[in-house]
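Here's a quick briefing to read with the model open.

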Amino acid sequence: MEKGDPVQQPHSVWLRPAKEVQKMLQDDVQQLCELADAPFFEPHMTLLGDLSGLPRETLSVCKAVFNQSGAIKVKVTGIASTERFFMSLFLDLDVPATLIASRTEVAKQMSVQPPPFRPHISLAYGYTAYDAPARILDHLNEKYVDQVFWLSSFATVASSSATAIEDWKIISEQTFSG
């Protein structure tokens with residue numbers, strides 16, 4: 001089956017960091033996944049998750065909404081943990097209001113009610129700040145907190161809370177064009 005085939009499947013919309021930041025995050029995610037004995041995943045910010053329907057229709061909506069968007073500047077405000085599996089250990093992000101508005105517009109055009117939004121990039125699933133050695137948390141704090149970087153693309157991804165992490169696959173990715 002080729003990418004873009006008309007198959008309904010659970011999927012998400014991710015925003016992905018610029019390549020140099022992506023590589024740096026991948027290295028840290030890999031280390032944390034090894035420590036946690038957890039599957040590796042591509043670093044990303046989930047804009048909308050657990051979507052149903054045709055991923056190519058989702059991509060079409062995203063292209064329309066983000067048509068004139070350039071890369072999105074974000075700032076890391078801290079390293080955080082929650083009890084939620086998919087927000088176990090992550091970088092908290094400060095994002096521009098235009099991104100929040102774009103998320104709302106994508107959800108509206110797709111007729112979905114988005115859950116509350118806490119912009120973040122996960123570093124590990126099922127592995128919290130309480131599990132991580134202090135030296136690793138110190139390293140992550142020094143490396144990322146107060147750093148500014150760019151989210152340079154959006155992607156539709158075969159992923160959901162019910163899909164095994166090792167089965168997550170990028171279906172289509174589009175660089176911001178503005």
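**Salt bridges and other local features**

Asp28 is buried, with a relative accessible area of 4% (buried is under 20%, exposed over 50%, partly exposed in between, using a 1.4 Å probe and protein chains only). Keep in mind that this is a predicted model, where local features need pLDDT of at least 70, side-chain atom pairs count only at pLDDT 80 or more, and totals for chains, interfaces and linings use all residues. Residues are numbered from 1 along each chain as its sequence is written, and side-chain values use heavy atoms, leaving out hydrogens and water.

**Salt bridges**

- The whole structure has six salt bridges, each a side-chain nitrogen of Lys or Arg within 4 Å of a carboxyl oxygen of Asp or Glu.
- Asp28 pairs with Lys143 in one of them, at 2.9 Å from N to O.
- Lys143 sits in helix α4 and Asp28 in helix α1, so this pair ties together parts that are 115 residues apart in sequence (helices are DSSP runs of H or I, at least four residues; strands are runs of E, at least two; both are numbered from the N terminus).
- Glu42 joins Arg16 and Glu173 in a network of salt bridges.
- Lys75 and Asp146 meet at 3.9 Å, N to O, in another salt bridge.
- This one runs from strand β3 (residues 72-80), which holds Lys75, to Asp146 in the loop between α4 and β6 (148-158), 71 residues apart.

**Around Tyr125**

- Tyr125 is in the loop between β5 (120-124) and α4 (134-144), and at 7% relative accessibility it counts as buried.
- Leaving out residues up to four places away in sequence, Tyr125 touches Ala38, Phe41, His44, Phe85, Phe86, Ser88, Ile165 and Trp168 (contact means heavy atoms within 4.5 Å).

**Positive phi**

- Most residues other than glycine have a negative phi.
- Asp37 has a positive phi near 55°; this residue is in the loop between α1 (19-36) and β2 (45-51) and is exposed at 75%.
- Asp50 also has a positive phi, about 55°, but lies in strand β2 and is partly exposed at 47%.

**Cysteines**

- There are zero disulfides, taken as pairs of cysteine sulfur atoms within 2.5 Å.
- Cys33 is buried at 3%, and Cys62 is buried at 0%.
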